[in-house]
Amino acid sequence: MRRLLARRMKFHLLGAFLVSLGCATLYKFGVAEPRKRAYAEFYKNYDPMKDFQAMKAAGVLESAPPK
């Protein structure tokens with residue numbers, strides 16, 4: 001029963017570190033990288049003036065009324 005807490009603490013700290021490292025890796029490759037690729041693909045062919053004209057024609061913008 002001696003040093004039981006210290007021995008269990010080492011085990012749990014190592015386990016917690018590995019679980020957190022695994023979660024961070026899964027988030028990076030499961031969420032962050034696909035999101036970066038999606039944004040890059042969207043902005044590759046994005047025309048802000050075309051989008052502005054479409055919003056202006058729809059009457060979405062108060063500072064630029066449709067004509």
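User: What makes Leu21 partly exposed, and in which helix is Leu21 found?
Analyst: In this predicted model, Leu21 is found in helix α1, residues 4-44. Its relative accessible area is 45%. Buried means under 20% and exposed means over 50%, so a value in between is called partly exposed, and Leu21 is therefore partly exposed.

User: Which residues form a nonpolar patch on the surface with Leu21?
Analyst: The patch consists of Leu14, Phe17, Leu18 and Leu21, and together they have about 420 Å² of accessible area.

User: What makes the pair of Tyr43 and Tyr46 edge-to-face?
Analyst: The search of the whole structure finds 4 aromatic pairs. One of them joins Tyr43 and Tyr46, at 5.4 Å centre to centre and 85 degrees between the planes. Centres within 6.5 Å make a pair, and planes over 60 degrees apart make it edge-to-face, so the pair of Tyr43 and Tyr46 is edge-to-face. Ring pairs also link Tyr39, Phe42, Tyr43 and Tyr46 into a cluster.

User: How do you know that the charged end of Lys28 sits over the ring of Phe29?
Analyst: The charged end of Lys28 is 5.5 Å from the centre of the Phe29 ring. The distance cut-off is 6 Å, and the charge must also lie within 35 degrees of the ring normal. Lys28 is therefore counted as sitting over the ring of Phe29.

Notes
Residues are numbered from 1 along each chain as its sequence is written. This is a predicted model: local features need pLDDT of at least 70, side-chain atom pairs count only at pLDDT 80 or more; totals for chains, interfaces and linings use all residues. Side-chain values use heavy atoms; hydrogens and water are left out. Patches are made of residues with over 30% relative accessible area and no salt bridge: like charges are joined within 9 Å, nonpolar side chains (Val, Leu, Ile, Met, Phe, Trp, Tyr) within 5 Å. Accessible areas come from the Shrake-Rupley method with a 1.4 Å probe; for residues, only the protein chains shown count as cover. A salt bridge is a side-chain nitrogen of Lys or Arg within 4 Å of a carboxyl oxygen of Asp or Glu. Helices (H or I, at least four residues) and strands (E, at least two) are DSSP runs, numbered from the N terminus. Buried means under 20% relative accessible area, exposed over 50%, partly exposed in between (1.4 Å probe, protein chains only). Rings of Phe, Tyr and Trp (its six-membered ring) pair if their centres lie within 6.5 Å; planes under 30 degrees apart count as stacked, over 60 as edge-to-face and the rest as tilted.
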